Amino acid sequence: MSAWHRLMWSLRMARRELVAGELTVLALALFVAVTAMTSVAFFSDRIERALTRQATQLLAADLVLNADAPWPEAFRAGAVARGLELAESASFPSMVMAGDAATLATLKAVSERYPLRGALTVQAGGAEKSAGAPAPGTAWLDARLMAKLGVKQGDAVEVGQRRLTVAGQIVREPDATLDLYSFVPRLLLNHADLASTGLVQEGSRIRWRLMVAGEAAAVADYRREASARLPRGARVENVEEARPEVRTALERARRFLGLTAMLTVALSAAAVALAVRRYLARHWQSVAVLRCLGLTSREVGALFTGLFALLALAAGALGTVAGFGAQALLLTLAAGWLGADALPAPGPLPWAMGPLSALLLLGGLALPPLSTVRRIPAVAVLRVELPARRVGWLTPLAAVFVLLTLTAYLVGETVAALWILAALAGFLAAVGLVALAAVLLLRRLPLAGRVGWRYGVANLARRPALAMIQVVALSVGLMALLTLTVVRADLIGAWRASVPADAPNKFVINIQPEQRDTVADLFALDGRRAPELAPMVRARLVAINGRPVRPAAYRDERARRLAEREFNLSWRDSLPEGNRVTAGRFWAGQGAKPQFSVEEGLAGTLGIRMGDTLSFDIAGSVYKARVTSLREVPWDSFRVNFFVLAPPDWFSRQPASYITSFRLPADEEAFASRMVERLPNLTVIDVGVILDEVRGVVERLAQAVEAMFVLALAAGVLVLWAALTATRDERLFDVALLRALGASRRQLKSVLLAELACLGGLAGLLAGLGAMALGSVAALQLFKLPFFANPWLPLLGLALGTVVVALAGWPLLRKVARTAPMTVLRRE
Amino acid sequence: MLHPLEETSILSACELAKQVHLNGEALTILKSASLTLTDGESVAIVGASGSGKSTLLSLLAGLDRPSGGEVWLLGEPLSTLSEDARARLRRDRVGFVFQNFQLMPQLTALENVMLPLELSGHPKPEAAARAMLERVGLGQRLRHYPKHLSGGEQQRVALARAFVIRPRLLFADEPTGNLDAATGRQIIDLLFQLNAEEGTALVLVTHDTELAGRCDAIYRLVDGRLVGARP
């Protein structure tokens, strides 16, 4: 046959096979795998872009340069020359006065085009609107400042030597978190009024910011050039530090998506493997006939290779389109926050990847068994030649591994991929062993009881290898169902609970030691439970293992800044709630000797290891001790947390202030005001807005992730289906034989039911245990959520397995009752 | 290369032997079987169940290799050909009819008959297959799958598939074995009718002596040897 002729024939055969339903499971499994992979690829791609966009909104620009002196003209010219938009701001703390009232506030002078990204929302004249810089001679004040000064719109305030008219109230300021003292009341004025305040003097603590925005390539170019020529005391703003809580939520979401996608791919691979096995087993005789009719082994190989390649390409192409659609759906679910509609279209990579991964999956899984099919002799038409059972397993494993790694890479989770692979491999091995042991045990049991039960169990025990494969396949499918329903609900529940509804929304700082009792009394008077007050001293890290810490020595910008700035050190006698020790041991109780406990992430950034000796300078005295534990800190819990902790009674004589957090319902704001009235030096910080935003992000992402789970669920159902149809062929023959030997329909029914129930029960029990283990591993290793195990899973698995497998066998029973036994026997 | 003895033969077997090894013991199925078949001729091979009839057929058609002796099929000595070369030799020249029909379950009746035509690169496989199915009386069953056809109908499809390429030689292995007596007679009538119309040579393996009597020659397989000759 010519190559063209062969191709056309393969095409025709593929169509015929599809019409006859021979390729349904295989095609669906491929389709689901590709849909899952590409939707995650598309989604990841776009979520990354959305993240960047979100980040730029927090900066109010694409790039922000920050310095302690006004920016030289050359930096402005550089931006203008590249066609970039330019805005400037200068922020500093200063007193603001109105009549007799005066208070400390953060002043920010902004130029005309501010903000370049995101929106500044102000309330003026009773309505909220988007605004830019206030007009010269006017100012926007936030609610706290207006309350403290007792002013309203139209009143005048004094800033240095300048009088400004209050033009409105700041509702939302995109880049407020960039300022160190963002929780201090804020005032926005026009950049043009800055000089006339007379506050710009030598030594004033002004942060001068240069903001640029524009085309990504031009911004990157400008960033490179500017970074190379940064003046002393200047830096490029890093937005990731501004919002660690949002970052945590997004990383969890990506892990959920990654886990789901990998699970889907692994399950689809299992379904594909089962379907290929069944497909080729069913075509054993057909191949013999083809050989008889004059087809050479090469032509047989070419036929099936061509057929599978066509199938892979078709399923791959459709799957990619479906993946794009699924991704669009995911984005719609997450849209409110991500602003998906304005996102650029995803790159070309995911489009090409769909069909390629389908080829890889099917190629890896189908080629080894295909090579045995090629060797089927023509004489197999006359006598039943047993198929060669030895099929290479290296190629399929390699293909699945490559695919999972690819998926992991797409979601940026290579470590997670290894965990999933290890968990799956472990599960398969364990289930296989247990199933084999159980089947062998069944064979040894003295079988009593009714005919149905006896024959059913004997049927299962007669072919231990086949029974093992069936139990493994069924339990993989059932485990997927359990994991994706029960465990998923638990996991997502735990995730949502990580930002609890009662998370603190107020922080109180600057409490003096002698005010602690007063604060406690204030809470008690109001009928509230007094929150824990945590001591806090300012300290500078001066040496690690006796070597002086020099910020400039760190290559990482974040590390440099951390080394530069002052730390808040705290002491306490027990591990803070929600923290988890990842290395070493946390001290217990009073009287522990001097030592430090360091947050894991900080330790990694600054290169601090367990056992290192740290030296901190607190108000001129150096405190030196070893690091005896590393901690993981749940930053998204919104509780008071510290990077570095020490035991009590060590540097507690140093000047300390206290900090606390608590939850205050919106309608009880008055309590915070009463507290500040009584103790005017206290600062109450409202994190309610951030909290709401994080909770909103988690909520929307959880929805997107749940949508993704549907795909994985489909893959699980497919595995189950493939496993059941594969076992059906075997059973059909057994049952027909019994029927031919005169078994009544009733007896047949009980034989089948006994066998199926046994199979399903065993598979379900193992699946339940597997799902429990998988859920725990996922919670601990991937999501850093507290451990939990649902004790109902094994029982649920047992019941589910028995019912599902028995139900699935029902149509088979009806079919057997309708078909003449001879037809079945003859066809075998 | 042609058989040295019989220039016109399209099939000849010389001293065929077949041994198989079962659980380490050698089991002799054929000892010395010889036969010759000329163009258009029909022979029957009869013998008791288990006498090795099907084995002999598989050797004659080149589906399997003998332990000894030689088969010349369409002028080629099979021992010199690989399995693939033997397959190419059979293509569009040799037809088969089996006891258990051996239709492809995933193809319709029409597609089953089209198959050998497609393999040989026939320009209009569908029209030819359709015409052939009409000849065997299944013009109304073209789109049916084998599982929706009766045994007799399935064997008709098998006959259509065998004759559609106008083979020079047809091997039939117990073609009525799975059919009731009346249906079996109809199938045999059809087989001989097509055989006569197409001038095909026929090797018929059967245990039915009445059926065998319709052939030009009868060979009996006894104790691994072929006995008997043309009447």
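Helices here are DSSP runs of H or I with at least four residues, strands are DSSP runs of E with at least two, and both are numbered from the N terminus. With that in hand, hello everyone, and let's start with a helix.

A:Arg298 is found in helix α9 of chain A, residues 297-338. One caution before I go on: this is a predicted model, so local features need pLDDT of at least 70, side-chain atom pairs count only at pLDDT 80 or more, and totals for chains, interfaces and linings use all residues. As for labels, residues are numbered from 1 along each chain as its sequence is written, while chains are lettered from A and ligands numbered from 1 in the order in which they are written.

Back to A:Arg298. Is it buried, exposed or partly exposed? A residue is buried if 20 or more other C-beta atoms, placed from the backbone, lie within 10 Å of its own, exposed if 12 or fewer, and partly exposed in between. A:Arg298 has 13 C-beta neighbours inside 10 Å, so it counts as partly exposed. Its C-alpha atom is separated by 7.1 Å from that of A:Arg374, 76 residues apart along the chain.

Now the whole of chain A. It has 22 helices and 22 strands, and 43% of its 828 residues count as buried. Two residues are in contact if their C-beta atoms, placed from the backbone, lie within 7 Å. Among chain A contacts between residues at least 6 apart in sequence, 84% join residues at least 24 apart.

Four of its five residues are buried, so the strand is largely enclosed by the rest of the structure. What does it pair with, given that pairing takes at least two DSSP bridges between two strands? Five bridges join β1(A) to β10(A), residues 207-213, and the two run antiparallel; here A:Val64 stands opposite A:Met211. Two bridges join β1(A) to β11(A), residues 235-236, also antiparallel, with A:Arg235 as the bridge partner of A:Asn66.

On to where the chains meet. 27 residues of chain B are in contact with 24 residues of chain A. On the chain B side, α1 (53-60), α2 (83-90) and α3 (109-119) each supply at least two residues.

Last stop, B:Arg225, in strand β10 of chain B, residues 225-227. It counts as partly exposed because it has 15 C-beta neighbours inside 10 Å. Leaving aside residues up to four places away in sequence, B:Arg225 touches B:Lys31, B:Ser32 and B:Ala33.

Methods
Two strands pair if DSSP finds at least two bridges between them.
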